[in-house]
Amino acid sequence: MKAQLESLREVSVAILSCNRREDLRQTLTWLLDDVAPWREVVVADNVSRDGTLEMLRNEFPNVRVMALERNEGVAGLNEALLSCTGKWILSLDDDSCPVLETWGELDGILKQGCEFDTITCSVRSSRKEIGECSASGISPYLGLHQAGSLVRRELMQDLGGYDASLFLWGVELDFSARALLQGARLGKCDSTIVEHRCTPANRSSERHAFYYTRNLLTFLKRYAPTEQKQSLVSSYLANVIMYSILHRTTVYWKGVQASKAWKPEFRNTLSKGQFSRMGPDLRLPFSFLG
Amino acid sequence: MRNPVVIIRTVSVEKMSPVLDACVVRWPDAPIWVVSTPGRVDEMRRDKRVDSVIGYEQEARGFGSAISLGAHAVAIVVPVSNEKASGYGNVLKATLRIKANDYFICSRCRILVSRGKGWFLWKAWNEHWFGRIALCFSGFWAERILDAE
């Protein structure tokens, strides 16, 4: 019998789910392995219509389910995140799952006490592409991946979870920026792998492209260093023009318009150093082909 | 060193076979290099038509960074599953650093079709004039957006 990853007793898992029943089933099957004594597993379901809730009730009775009445995007995940009781919260997507055989090093680090407030795992698209992983410790990393990151519960509660007004997509960038501005220490553990299968369902939609465009532009308006803001926004909009032509679509333009009309509640710019170390991926949602 | 033909493997290994055939016929003297995700590198290496396989670091969202070769390619070939796809914007951007004479979309994964829009955009982008025009407009646009804040 394999040894348990004892530190995971202090880790709660929060998963946001929406109409991906089979993916969620696979994720939970892998997640609820004997070696991982998670403190709790919470699934927030954004009004799935594919029998997800029945599947959870029948097959995973130990999973705490939060059935939401309306699909309000990441607000649903916030409910799950803020209800967690573990010292750490592992945020996952319904199509992402820890590869537990690579979690030994992180287990050791968590047992000894960790100085970081967030730990982003190495998120890979396929289990088949996982080679040998050597121990690397945790290194500073100014970012976060919603589909595979551990966040201290105190930090999550201080920040009130992800910004619900963003709805979905790009919310991690906003969260990372707020955490940094609050003085949190963000790190990454490269040897700890989470598989994110990136199921195409619900991904290449017009809605995804719209929110992604809007949220990235909003991120720049909120947090880009003042002296770089003009050039960063300009370069982003150049991509909007080029990809609107390339993909023959107006959805990116609509995203920009929505960002213009929408006044963020707060803004606080990052320093040039923080922004460049953060290295936000300011791509348009290329998977949408119009 | 002869200039290679670079195929970006965006379709399954099985669907690559007709693409490789098409490239061998079109450029009989050029070595064929395939850019692939690390998990398929060995499989592609076993194919006798392929001279070199380059793995790239794959992020969950696709290409982790632009592909660099250190060689001038005869052509970049991008097989696409869907004939009507717009040339795969992410692939286009990932290949922008590769110096090449030509850019082909391999429609339906079997024939090298007219370069069409993919080639035009690649050319325009690679020579930067498309980007420069877009930047002129976007600079003005950005100013307006930020002034309105």
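Let's start with one pair: in strand 2 of chain B, V34(B) is the bridge partner of I7(B). This is a predicted model, where local features need pLDDT of at least 70, side-chain atom pairs count only at pLDDT 80 or more, and totals for chains, interfaces and linings use all residues. Residues are numbered from 1 along each chain as its sequence is written, chains are lettered from A and ligands numbered from 1 in the order in which they are written, and side-chain values use heavy atoms, with hydrogens and water left out.

Helices (H or I, at least four residues) and strands (E, at least two) are DSSP runs, numbered from the N terminus.

Stay with chain B. Strand 1 (residues 5–8) and strand 2 (residues 32–36) pair in parallel over four bridges. Pairing needs at least two DSSP bridges between two strands. On strand 3 (residues 52–55) of chain B, four bridges also join it to strand 2, again in parallel. There, S52(B) stands opposite W33(B).

How many of the five residues of strand 2 of chain B are buried? Five. Buried means under 20% relative accessible area, with a 1.4 Å probe and protein chains only. I32(B), V34(B) and S36(B) point one way, W33(B) and V35(B) the other.

Now chain A. In helix 1 (residues 21–31), D23(A), L24(A), T27(A), L28(A) and L31(A) are buried. Down the axis, these buried residues fall within an arc of 130 degrees, so they line one face of the helix. That arc is taken from the directions from the helix axis to the C-beta atoms.

Definitions and conventions. Buried means under 20% relative accessible area, exposed over 50%, partly exposed in between (1.4 Å probe, protein chains only).
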